[in-house]
Structure formats: structure tokens, C-alpha cells
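Let's walk through this structure together, one part at a time. Have the viewer open and follow along.

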Amino acid sequence: MTAMSESATKTAQALTVEGLTVHYGGVCAVRDLSFAVPAGEAIGVIGANGAGKTSTLKAVMGLVPRKVGTLRYGDVDLSRVHARAMVRHRIGYVPEGRHVFAGLPVEKNLLLGAYVRKWNAETRATLAEVYEMFPVLGEMRGRLAGALSGGQQQMLAIGRALMARPRLLLLDEPSMGLSPKLVEEILAVLLRLRSEGLSLLLVEQNAKLTFEATSSCLVVENGEVAMRGTSAQLRHDPQVRRIYLGL
Amino acid sequence: MRYRIATLAIIAVAAWLLPYGLDSYAIHVVNVILIFAILAVGLGLCMGVGGQVNLAQVAFFGVGAYATAILTTRAGWGFWVSALLAIAATMAIGLLVGTPALRVQSHYLGIVTLGLALAFTNWVTNAQIAGGAEGISAIPVPTLPGVDLSSEYLYYYLELIVFALVLAFGLFIVRTALGRRMRAMRDDALAAGALGAEVPVLRMTAFLLASVYGGVAGVLYAGLIRYVAPESFSIANMFLLLAMVIIGGRQSLIGCVVGAVGLYLVREWLVDHPTVAQLAYGTVVVLVVVFAPTGLAGLPKRLRAALGRGRAGSAARLQPFRPYETRAEPAGQGAPILEADRISMHFRGLKALDEVSLSVTAGEIRGIVGPNGSGKTTLFNVISGLYRPTRGRVRFRGRDATGLAPYRLARAGMSRTFQNLRLFGDLTVEENVLVALDRSATWHSWHYLLRPVHVLRRDRDLHRRARESLDRYGLTEFAALPPKSLPYGIQRRVEIARAMAAGPALLLLDEPAAGLNGEEVRQLSEIVRSIRDSGVTVIVIEHNMGLVMSLCERITVLAGGRVIAEGEPAEVATTPAVIEAYLGDSMEVTG
Amino acid sequence: MQVFFQTIIGGISLGAVYALVALGFSLVYRTMGLVNFAHGNVVTVGAYLASTFYLTTKLPFALAMLVAIAVTAAIGLVIERVLRPLENRDFDLMLIGTIGFGIVLDALVIMIWGATGRAVPSPVPAAPIELFGLRIRTYDLVVLAIAAVATVLLVLFLSRTKRGAAMQAVAMDHEAATAVGIHVGRSNAIAFMIGAGLAALAGGLVGPLLYVNPALGGALGIKGFAAAILGGFGSIPGAIVGGLAIGVLDSFAAGHFQGYSELVTFLVFTVIIMIRPTGVFGERTVNRA
């Protein structure tokens, strides 16, 4: 994983989002949201289903129509960058696990992650690194992605994003549909990515996973920030515990 | 209303006086236009209202015309007897052509119906009885005592009356229960089925209607031209008909008529340059689908929306929910209303559910919780009949209900909402509720023909009950609005009102609190409690643990497609497996 | 038995053409999830273009075909560009939009080349080959060979090239495809171009087999579509198997039912679709509530 981590730490930059708003039809999904992902940090966004978490992530990527005041990555203005060009700015997007290319083999899925790069020896090296990180994908490389289990598909979605050697990874509910044991594995993966210097923006409904994987969090409700703080603070906040943990 | 009657009267008088201003060629054109208008209305009913892609409309037209020709010339029967038999024959063919709709939809249905239309032209071009490529000529003039129908002027009045009748009948259907159900099916067949609409019967009804209109048009055509030949029923004419419906606006019957009249007139105007005409209407079809998908009929609404933006809808306010009356002794209390026995559901190697068993007692509020993707919605889909389980049985109200069609379960007293809201977007809020209220069987639709007053009276009664229901849920001011324009929280409430309008014994709520704010969640729990107190059993899938804990008497916890715990809220919350899977063990330690 | 095999051989060469048409349908469906109802009309355009360059401009047959393919590919680009606003939105509207394009192309063909047809002489010697007592036309072998080569190239393109993989990815999940940097619009445009090119190939090849007339593509289009569905929509091997099956079915129907062959073909097709809507190689899709 050395090559991947090296490039990440050297050039880590901060993502700044200010005044992000998303409308679907007449419905406001995200309202005037602001946050930042400092270089090398992991930031979590938690909230109930329908609170606007996924919309936030897609809006940052530019996958849904949005209005945004400031969207900056380092000193690059991203507010006019098309979703397909984000990857060239080394921002990777990990959609929720079902969104692998189901009818293509595992290896093709991974290679497509490196679509904007030349498919050469360097890509092969990255592929080997991903297989090293997720041995199960190596075993399944010839299988159709749609035939993988939920956990394997999630690994594949992360692996696919890593193929582009991102420095910032946007993750949409990586714990979705996974058993507790698999969630632990995902957590280990996230911690490893952090230790290698990637910045993470993690959207989750699993508060436990999020608090352990990130340094600070936003709690969103109805498309607005209801609370923000360090993950350690929020984890002990009585209101968070009541609403999101049911205690 | 008065304005409408006046407009109608003016149109009627104008239509009646029209022949006086036309020469004999013009009246012929008008007569053909009326026939195309009838065809277009039939296609609009099937495709626009019912959502069934039907590229065989021209074949229905052909069957009607050919059957009339064959019966009058070959069998020597009278015109009107032949006409009735011809319409019956077309209906039979319509049912036949519609059968594939039970299995396939959209483009598949398009190609199958187109293929069957080609098969029809192929048959008439070859069959001796149909006269081969020359067709059949010398069809006798239809007789009517005292009226000489060989005069195209007088034939016009016959057509006009028939046209007015079938158009009125079409509008009658669209604006009452049957049409609402068809539109609901077009919008979302899955949700319509879950509300008790018999989707297969409705699809056949759509084709049956298309064929009746085709048959009537065919009969009129045979009587008017008195000659039939294969090229009148070619695919080119099918596409012309399709263009009429698309350009006019497929979801509006009046639009279909306007499209038919307009396009035929343009074609007539360019009669010396048929290819130019074809080029023109092909281009218009492309432009319409890209820029004005609702056709000409949709333009006024779009204009109004463009001009009067920001005014509409803002005044409507949500009123408080008015609780149901409490039933002292809910029926069948204590007996299980729903039993799931070791259900497994596999999708291509993915085990979504693994031997899930569940028993819900009548009168309880049951919570089903679990992490995202733990199989909760899959379980609902199995229970409500959307999926047939790989293994295991479901019993509902004491009867085996495994793999029953959703509409059968709905009619047996099961109702549900959907995680991602499946309101019918092209219907108003009130119509959404009306679809659920309507419990009549679709095959009773013959009432439309023989007991129209009964249909109207029933519809009025449905409207009254819909207003009551909307009033109870505080939604009265939103009745006439399209649901997709409303805030999320109100849409959620509309969906619950709709599910309750079906009069269920068991209500399944799939994440009813998703996207709601604190106050809305509080109102929701009040509503759910009242629903239970009225004698309805409720099962809630929910993430919001606070809501589940306070609302439910019993909770079933799923993780990874298995039941990992079941019991009272306090009990479940302390089960180690649940803490591990859902709440997180570290929380327990620090808490 | 002799007759039986002769009938099969008769069906296979036309079946190869159906297969090419089906390939076009399937490719566009596989890469952008769209059914192109104008495909048959593009076949007609291709047939006229190829025959015009071959007969009037006196280009060699192969060159005439290449020019025809290039021109129709450009037409494919135009269709895709106009309908792009509907992509990934309304399936039925796009379907109707392509029908509209079909009507336009149909009119253009008649305007340019007239309503009457033309016969195209076979570009290879007409004498049939005798093999085990069966007569095989040389041109049929040419058609089969070209269809086989086109299929192999297409399969290689989809399975071995980056662009091919990307195009399939777009149909499977256009958002995820966008996120990895694929230009969805461009991918769709290329799909449409290749689809139209395949249509021209089929049209050009069928010229010497059938009479080139404005209704040619309509008939080929619907048979090709039926073939694609029969094989399993979107499946490449399915398109080949479906095409050959429809060709043979056609050939038998023509032998046994003479004029009614079309009727029989479509009735059989309807029954098959009702029994197995996903076709021979089709995948079952899960519908989610």
C-alpha cells in the first residue's frame, strides 16, 4: 500500500463546503449545509434515513443538481466541476454497496475504477494493492460483481474507488446491509485508509461505526445540521444517544 | 359549470351545422377524421390512461372493418348484425393481443403487439376470404329507416352521434373509478397492486377498451368507404395514429381527438406531398417527446405553471389529525393475525432472509428493527406478496397466503406503505385516497355500460368518504394538489391515509418516520396508536429507535436476514446480541 | 431430410442478417438501456446508401458498405444527441421518440430514393456450391462470414477494451460510472453510432439477398427485434442465436405456410415471449419495492 499512501500524505488538502442546498421537485433535501474535511482527517455525517445524508454526498460529487456557495478542494474551485471530473482531482466516491457494475466481472469493476488513468503496469500495481487489502476480491476476480455477497460488493465498491488513487474518499453508508462482523471489517479498512493519510467523508446511519472511524461528526436532521462536535463528544451526548442509539 | 355547458352547446351546434358549409369532398374528409378520432381515443385509453403500449390498434380497426365486410358480403348478413358481431370479434382479438401484457410490459409489449398487427395484415393479404391484396369491395350501404346513409352528409350525423357517445363514455371512464385505477396502475403498478387494484384484469380491460373503439371505428369505416383493403391497416397508419395520440397528449382523451383532427388535416393539406407530411409529423413527434411530453393537451397547464409560479399551493396548511373512535374489543384479539413460518428469500446467491419466523397477534403494534439491509423491507415484500419466498410459508388471518398476488392480499385486508413513498404522482392527493377506497371488483366494469347511474352514485359515495378520510388526517386543503409537490412529511401522511382508506385489518408501515422532524414523529406515533385503537393491527419497520421503543408492545430485531431477538422493548434493548448488532457494545460500556 | 437441411440453410443466411440487426438493438440496450425503434429504418437507409454507392458511384462493394456505415453512424449520433435529455429519465417517452425518428427516416428515404425499390446484383459469383447434396449460395457464405467477424469484433470490443467495459458500466449504473470518470453522454453516443453502423452493415448485406425498398428495414427491424428478445435482450450471444432461430423459423414457415409465414412467425414469437419473457440468455432482474 506504500505507493498509495505516499501520494496521499504528501498532497493532502482540505475540502471546504459552504451553503450547500439540494432540491428535488418541491422538496428540500439539504438546506444551507456547511462543513469542512481537513487534510488527512475523517469526518462523519450521521442522521436518520431520509435526513439528507446521501443527498449531501451526491451534491458534493455533483451527481444531483445543487446550489452551493463555496466548494473548494485545496485551492481548486470544485463548484463548476462536473461529477465525472472529480476523480481527476483525486476525489473518490464510494456509493452504497449495491452500486457495483453487477454484470461485469470483479476485476473489470476494479479496472474501471482506474478509468481516467492509463491501464498499464502502474494500474496493475494498484490492482495488486487492492487485492492485498481485500484478499476476497482477488479470489473472486473472475466472478460477476452481481453474484458477490453484500459485504463483498461493499469491499468492491471501496476497492473500485481506490483504483483511481484518491486523496479524499466520499463513502455512502458502507455498513448498509452488513452483519456486525462485516461492519467491524469495514471499520478496520476505514482506519487503515486513514492511517495511510486519506481524508474521509463518511455518511452513515450506523453511529457506532462512524464515531469510531472519524474524528468529528455532523448530525443532520431534515437536511440541516442539528449538532456538530468531535466524535468523542457526540458519542456521550445524551440527545444523540437517545435518538440515534435508542438508549 | 355554466361556462362548460355553454361551450358544449356551442360545439354541439357547430358540429350539427358543419355539413352545411362543406362540399362533398370535405365532408368525406370529415367523416374519415371522425373515424381516426375514435381510434385515437381508444389508443389513448389503452396507452395514455392504462399505460399499456399498444401498437396493434390499427389491427383492431382492421378486424372491425374486415369482419363487417366478410359478414355482409360473404355471409350475406345485414349490416347492423354484422356490425355487432364484428365488434364482438374485435373484442375477442383484443383480449388475445392483450394477453402478453400479463407477462411483459413496455418495449416488449410494443414489439409483441406490433408483431401481431403485422400478422394481421399478413393474414388479410393472403386469405381468400379476406379478398387478398385486392380486398373486399361492394359492402352494402348500412340501412336506417328513413335515412339514406349512402349520402355522406347523412352518414356524418351517424358518425357524429357515435363519436359523441364513445367520447363521452371514454371520459366517463377516465373520470370515475375504473379510469382512476388504470391511471394508478400506469403510474405505479406495484403500489396499485398493493392497494387492491387487480393489475392483470386492468391490463386486459385496457386492451378490451382499445379493441372496442377499434371495432366501432372499423365498422364505421366499412360502412363509409364500403371497401376494405390491407393497406388501410398498415404499420404506417399505426404510426400515424400513434403520432396523433402523442402530439395531442396521450393522457387526455380530448387531446387525442385534437391530435387526430389536427394531424389528419395537415396530412390532407399536404395530400400531394405525403412524404413531406410524414417528415413533418415525425419531426413533431420527436420535438413533442423532448420538449412537451404531455402533448398539446398538457400545454395550457404548463403555461399556467410557468406564468403563475409561486402562487399555487402555498396557502394550504396541514390540519391536526382527528383520532379514530376506539373500539372497545378489537376483533379477534389474542389470535395471531399474521404468521411467518421459517421464511427464506434468496436473490442470486444473496441470502436476504434466512429462516425468519414471526407471529403477530391481532391488535398489537409490532416493531421490526435492524440495521439497514438486514432484510426488513424484504420481509415486508414477502408478507405483502411482492416476492414469493424461496422457502417457508406465510399465513394471514388463518389462511395460507404464501405467494398470493399483492392485490389478493390487499383485498383480504392487508395494506402497506413504502419506504421510498410510492404515491401516484399523476393523481391528486384525493385521487390517491380514492384508489384505495375503491374496493369494487374490476370485472364489474360492465356496470359502466349497463348501469351508469349506479357507477356515478357509487363514485359520489367514494368522494364523500375520501373527503372524510382527508379531513381526519388534516389533509383537506391538499386534496386537489399533486402529491409530489408537497413537503416530505405531508407526503408520508398522505401515504398512511391512503393505506388506511383501503380499510385494512393489518397495516404494514415501512419506515414511516424517515425524513420526519421531531414534531412530525410525535404526530406519527399519535396516528399509529389511534389506528391500532380502531382495531387495526400495525407492523412498523423503523430506524428511529426512540419511536419504536415508545410505540411498540413487541419488537422483533433482524440482523443479516435472521431474527436475533424478540420481546418487549426494554427486554430487547438489553439483549447482548442486539446491543452487539445494533446499538454497539462500546456504547453499553461507556453508558 | 434433404429438404429439411436445405430449409435450415435457407434460413441461416437471412438469420445472420437478423442477427446483425439484433446485435444493434442489443448493443444499444446493453450500453444505454434503450430500445431504438428507429433501428429498422436505419437499416433501410444503410441498404439504400450501400446500394447507391455500389450501383451508381460504382464503388467496390466492400468500400460502398464502409461509406454507408460511416454515414449511418453519423445519423445515429444525431438521434442520440436529440434524445439525450430523456436519457435515464423516461423510458417510454424515449421509445416513442425513436419511433418518431423512424417516421422521419422513412420519409427521407422515400424523398431521396423514391417509393420504388431496386435489385442489387450479388457481388460474388452467383453459382451455388454443392455440399453433401445441399446447394449453398456463395453470397450466403459471405454474409455468414461477415456476421461472424462482426460478432467477434463486437465481443472483443466489449470484453477487452476499456471503452467497451465503460459503455456496459454506464447501462448498469450511470451514477457510479460518472463517479469513476466516464462521460455518460459520449459513451451513449458511441453506442448509438455502433448500433447504427451495424444496421447499415445488415442493410448493405441484405441488399443482394432481398429487393431494396422503403419497407425493407421495417420488416428486418421487427424480425431483428424479435430475435433480440428471443435470445434475451442485451445479450450478444442471445442476439446471434435469436437471429438464426428467427431466420430458420421464417424459412420453415415460408416452406410450410407459404404466404402466411409472417403470421406464423409472429404467433410463435408471441407464445415464446409469454412462456419465457427473458429470452434464452436473458437475466432475471429483481424488482425492488
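How much helix and how much strand does the chain have over residues 91–116 of chain C, and how far apart are the end C-alpha atoms? This is a predicted model, so please read what follows as describing a prediction. The stretch 91–116 of chain C is 88% helix and 0% strand, with 35 Å between its end C-alpha atoms. An unreviewed UniProt entry lists this stretch under "transmembrane region", along with others in chain C including 6–27, 34–55 and 260–279.

Now turn to chain A. Here 6 strands make up an open sheet with mixed pairing, in the order 6-7-8-3-9-10. Strand 6 (91–94) and strand 10 (224–230) of chain A each have a single partner strand, so one side of each has no neighbour in the sheet. On average, neighbouring strands of this sheet are turned by 15 degrees against each other, ignoring direction.

Follow the sheet to strand 10 of chain A, which runs antiparallel to strand 9 (residues 216–221) of chain A and is joined to it by 6 bridges. To find one of these pairings, pick A:Ser216, whose bridge partner in strand 10 is A:Thr230.

Next come the helices. Helix 2 (residues 53–61) of chain A lies across strands 3, 6, 7, 8 and 9 of chain A, and runs at about 145 degrees to strand 7 (168–172). Helix 6 (residues 150–162) of chain A also packs on the sheet, where it touches strand 6 and strand 7 of chain A. The direction of helix 6 makes about 165 degrees with that of strand 6 of chain A.

Conventions
Residues numbered from 1 in each chain as written. Chains lettered and ligands numbered in written order. Predicted model: local features only at pLDDT ≥ 70, side-chain atom pairs only at ≥ 80, totals over all residues. Pairing = 2+ DSSP bridges. Helix = DSSP H or I, 4+ residues; strand = E, 2+ residues; numbered from the N terminus. Axes fitted to C-alpha atoms, helices over the stretch in contact; angles between N-to-C directions. Contact = placed C-beta atoms within 7 Å. UniProt positions renumbered as here; feature names shortened; annotations may be inferred.
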